[in-house]
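Here are my notes on this model, point by point. Please read them with the coordinates open.

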Amino acid sequence: AAQARLSNYQRENGIVGGDERLDIETASLNELGLRYIEARTQRIESASRDRQALGRAASSPDVLGSPVVQQLLANLAAAQARLKVAEGTLGAQHPQLQAAENEVAQLRAEVDREARRAASSLSMSARINEQREGALRGSLEAQRKRVLEMKSARAGMAVLERDVESARRAYEQVQSRQMQTSQESSSPSPEASVLTVGVP
């Protein structure tokens, strides 16, 4: 009966064989934990970079690291140098000076536009990292719950296994005592002797 209870419990809780499945689930939990920590670190870093870019896009290292922004800044520096030369040699109404001023203004506007675009891509990256962290957090909690359920089921099974072992030992003792009693009853005792034969 104890063995039947153990078998039913194993079947109801999906426990098969040794601890291989629990080991696999625990390893999966550990892997998810590492991935969650990594995602959390990336989310914190990207959120920090996003805040910095939103506050001062023109001085943000991530924005300034953009190849397009770098090219525009180089073009702007060259245009500003040409404007300086034109200011020193030409009058305020000269068409070349006005063209140089227009070029500098256009390049500044392009730099600002591209800096905002680079900053918005940082915001998108921060949102993606936040969503990834949230998804991993959900997976980690679900896996943790599954491992705890499996450990609880294993603990319940250990109690039933002890019951089976205890019942097996008791059964073996009773069986041994029965054999001993059976042998004792079938062998004649040396101290016993028939005093009188019974009459039916």
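1. Helix 1 covers residues 2–13. Helices here are DSSP runs of H or I with at least four residues, strands are runs of E with at least two, and both are numbered from the N terminus. This is a predicted model: local features need pLDDT of at least 70, side-chain atom pairs count only at pLDDT 80 or more, and totals for chains, interfaces and linings use all residues. Residues are numbered from 1 along each chain as its sequence is written, and side-chain values use heavy atoms, with hydrogens and water left out.

2. The length of helix 1 agrees with expectation, because its 12 residues should span 16 Å at 1.5 Å a residue and its end C-alpha atoms are 17 Å apart. The expected span is 1.5 Å times one less than the number of residues.

3. The protein has 5 helices and 0 strands. Along the sequence the pattern reads α-α-α-α-α. Of the 200 residues, 24% are buried. Buried means under 20% relative accessible area, exposed over 50%, and partly exposed in between, with a 1.4 Å probe and protein chains only.

4. Take contacts between residues at least 6 apart in sequence: 80% join residues at least 24 apart. A contact means heavy atoms within 4.5 Å.

5. How do helix 4 and helix 5 cross? The axes of helix 4 (residues 67–89) and helix 5 come within 9 Å and cross at roughly 160°. Axes are lines fitted to C-alpha atoms, for helices over the stretch in contact, with angles from 0 to 180 degrees between N-to-C directions. The pair is therefore roughly antiparallel, a label for angles over 145 degrees.

6. Residues of helix 4 that meet helix 5 include Leu72, Leu76 and Leu83; on the helix 5 side, Val104, Leu107 and Val111 are among them. By class, this contact has 14 nonpolar, 2 polar and 7 charged residues. Nonpolar covers Ala, Val, Leu, Ile, Met, Phe, Trp, Tyr, Cys and Pro; charged covers Asp, Glu, Lys and Arg; the others, Gly among them, are polar.

7. Glu133 lies in helix 5 (residues 95–186). Glu133 counts as buried because its relative accessibility is 3%. Leaving out residues up to four places away in sequence, Glu133 touches Tyr36, Ala39, Arg40 and Arg43.

8. Asp50 belongs to helix 2 (residues 20–55). Asp50 is buried, at 12% relative accessible area. With residues up to four places away in sequence not counted, Asp50 touches Ala119, Leu122, Ser123 and Ala126. The C-alpha atoms of Asp50 and Ser125 are separated by 8.5 Å, at 75 residues apart along the chain.

Terms used. Parallel < 35°, antiparallel > 145°, perpendicular 65-115°, else oblique.
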